[in-house]
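User: I am new to this structure and would like to learn how to read its features. May we go through them together?

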Amino acid sequence: MDEPIVRAIKLRKYFLATKHGILETLFRRKPLYVHAVDDVDLEIRRGEILALVGESGSGKTTIGRILATLEKPTGGELYFEGERVTPSNVKQVRKRIQMVFQNPMESLDPRMSVRQVVEEPLRALGLSGDERRRRVEDALTAVGLEPSIFNYRRPRDLSGGQRQRVAVARAIVSNPKFIVLDEPTSALDASVQAQVLNLLVELHRAYGFTYLFITHNISVARYIADRVAVIYAGKIVESGDVRSVMSEPRHPYSQALLKSVPTVERRGLEPPTGEVPSLIAPPSGCRFHPRCPYVMDVCRREEPALLGADGVSVACWLYGAKRVESDA
Amino acid sequence: MGFKEIVKRFLGYRGTIATATVVKEGEEERRLSGYRFYLDYLIKDRVAAVALAIITLFTAWSIVEGILQYVGFATRHRALGWALLPSNPIALNFAESLKPPSLSHFPVYIFGTNFSGESILSRLLYAAPKDALAAYLVVFSGIIIGMLVGTFAGYFGGWADEVLMRVTDAFLALPGLVLAIALSVLLGSGYNSVLISLTLIWWPTYARFFRAQALSLKSRGFVEASKLSGQNSIMIILRHIFPNSVDPVIAYAALDFGNVILTYSTLAFLGIGIQPPYPEWGSMSSNGLPYFPQNWWWSIIPGLVIMTVVVCFTLIGDRMQDLIGGRLTY
Amino acid sequence: MSVLEVRDLVVEYSTVYGVLRAINRLSFEVGEAESVGVVGESGSGKSTLGLSVVRLLPPNARYAGGSIILDGQEVTRMSNSEARRIRGTTAFMIFQDPLNSLNPVKKVSTQLLEAVEMRCKKLGETYDVEKATREVVEKIRDVRIPDPELIMERYPHQLSGGQIQRVIIAMALLMRPKLLIADEPTSALDVTIQAQVLKLMNDLKKEYGMSIMLITHDISVAYNISDRIMVMYAGELVELGSADGVIRSPMHPYAKALIASIPRGVMRDAPLEPIRGSPPNMIHPPSGCRFHPRCPFVMDVCRREEPREVHQDGRVVRCYLYG
């Protein structure tokens, strides 16, 4: 099947920067928007693991939430398994999508037992109590938690790694087609992170889930992903298969990102200058231009489009010879 | 051992509660959970244990005596109301007027008598259920109303939030004492009008509490996971938001019982609420003022009793806030 | 002369569950202009170590043994007023969460000038506002913040996390401490900002000859900025050596496992090697070597007795595999 399982076209999400309630409307104040996600195109093929890599404020979590249908985009279109996602069919679409959240302490209801937590996605499916129980046990076993021990435990009795496993069990119990994982290992210790990553890989191999793996950790992205998309200030700057992007990053930001990551392979960090820009009034033209060592005149004036060849796409004037007219 | 050490020991542990020990995979570990954990901590803490004992006594007595009074009133056998008391709290007995505290006829005169010869002790015991009822009723209705208003406003946001919060602000702006006085003029200065006015002004604080909780909970992972699982908003509120909002409110409510009793007593002190000849702690205190300091027991002892009960509630609430605060910082 | 010398340090917490020994006979040194990375996972005691050097332990903690000698002075037995004097001037501590490190109601300039004033008082210098302001501006430039005059007029909530950490480092430079203790200073920051701050700390160490004790859970971060690395597990030192040495040829099984669990390679070509088991119960720690339940090389003696430190070729290891 060539049709990608998820496709986002010109996705936009703008948040109100300040409260805009009755008083503000009365006084006719203009609302300020944070351009969290701006004209993003994304495709995820069935069964693949796409890593969305970016720093905080880049918009990666927002994209993840939009693709998981938890957030309505301000503009653009979202397609899931070929059908357009609209408010009328979103409830149906949601049955095939699940999400694993970042902070294991917060993503489980502290008042529920493990069994209740993992069972919740099954309630809307109309299964019998026995069937539900069986599925919960299967899910717990699949994530390496013995059901007889963990069924009635509470989240507060579990370690971070165990909680995250419960979160993964909850995500797989309803047999979704697509799982969005938002920084699933960032809050975990290094050794536990390895356990959880192994688990995710195993499940992917066994059940063929499609993952959108959101992370700021380059090493994790390189390890787990088939393809990588790098996001900066609400825009995708580079995407392609993981080997190409990681070993020969083309976009200056991807290059800077890779040079900023501390590894045990070599010493010496070469971070970029400056800070992430404000998304309320982002820089003109290419959003990375104020920090780019290769900045040219055109970069300040016009935004480069994401253009690709041989499976790698870059949004940078260093590579784009002609301007592409946007069909706004 | 320095003075600081002694005080620290007496007041019990005030240090950090260690982060929860990890349950080993494949091993069973016995751990205290939920309210037994609280109880265990409170009992280890000696001061809180004493406070807890006093409050339990107060509540138990109020329930028993309250039932007796109600049944007595309903069946027109008012004497039931003082069947358990050392003496009749509203029987005039001028022969024993203004007796100082003494051990004769133990325990009738242990706190002395007032001008009408009624035993202060009996009157205190007789009035206790009213205070208890006011405290528990006002706080619980505050919680319920506040929970409905605040959670709805916080979870749904938008216009509902704005409207509900402005209404809450309006009620918050009502000056409690003035409202109570006004209502007592309208409805007659009875006990019921005091309860109504207290209820009306008490819920806004809880509404804000629950709204804050709903706001912070609605962005938590498990609420979003619930949405993805197809739950509708009402079910999410019932299954996730309400149960998780309650923890911090309990600690605050424990403190709040004391506040209600204080306000209620103040109103009684000012003459609003229960009318003579029925006793009320606050009004006893104010009635005894003209006889202060010669017949000090009339005014001071009810005041001390109010203070003790309020302090005990406050202590428990304070400890619970520590506990809950500690638990919330996993 | 070492700036910091810790010998057989024992720190205990009293909790509702019992006594928790957070640091168990720890010994190490930090020399002049040297940076030591203290690496450990949560519960290893690394944060407690930082706090105990500057006497910022919570009230239910106590020094139950050993000594901490900071710039020649014994910290554990100092009076509170003496501790206050050394805090900030001899040793300066930077914390993880930048948002909580500055006073939110005072401008940056006010807080930095206060730091200068404090230093002058503690060292007996006279405080002159103009001289101090010039010094403040100079240090803000040193921490690579453009337009110092603008930053000085801002309030903390108007700064980004990276900027706040830099302002704190500027404050540290103003206090001229011998030792800078940084407890996960960059964990709350983005990757690129983290790299900037780490690089800054490294450069300043060379410029000012300041010693740094960097506490982190990320061994890659420690590797990039430290001369020597100390690995802690369950409140104990398990390995100490030069950064290159510990990373290229780790000796202790825990250190080996930590390094092996870092994701490397592409596209999940080989499964990662997590450390089996789970962190120890610090109130009732395992008998003998605290790592033994999780150690792939465990021997009988490991279960019975605690291994002593072995000093070998400039490395310290606490493991029976080596003696």
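User: How many residues does the contact take from chain C and from chain A?

Analyst: Two residues are in contact if their C-beta atoms, placed from the backbone, lie within 7 Å. Here 36 residues come from chain C and 33 residues from chain A. This is a predicted model, in which local features need pLDDT of at least 70 and side-chain atom pairs count only at pLDDT 80 or more, while totals for chains, interfaces and linings use all residues. Residues are numbered from 1 along each chain as its sequence is written, and chains are lettered from A and ligands numbered from 1 in the order in which they are written.

User: Which helix gives the most to the side of chain C that touches chain A?

Analyst: Helices (H or I, at least four residues) and strands (E, at least two) are DSSP runs, numbered from the N terminus. On this side, α7(C) gives the most, with seven residues. At least two residues each are supplied by α7 (191-208), α8 (219-225) and α10 (253-260) of chain C.

User: In what order do the four strands of the open sheet in chain C lie?

Analyst: Two strands pair if DSSP finds at least two bridges between them. In chain C the order is β2-β1-β4-β5, with antiparallel pairing. The edge strands β2 (18-30) and β5 (73-74) of chain C each pair on one side only.

User: How many bridges join β4 and β5 of chain C?

Analyst: Strand β4 (residues 61-70) of chain C pairs with β5(C) over two bridges, in the antiparallel sense. C:Ile69 has C:Glu74 in β5(C) as its bridge partner.
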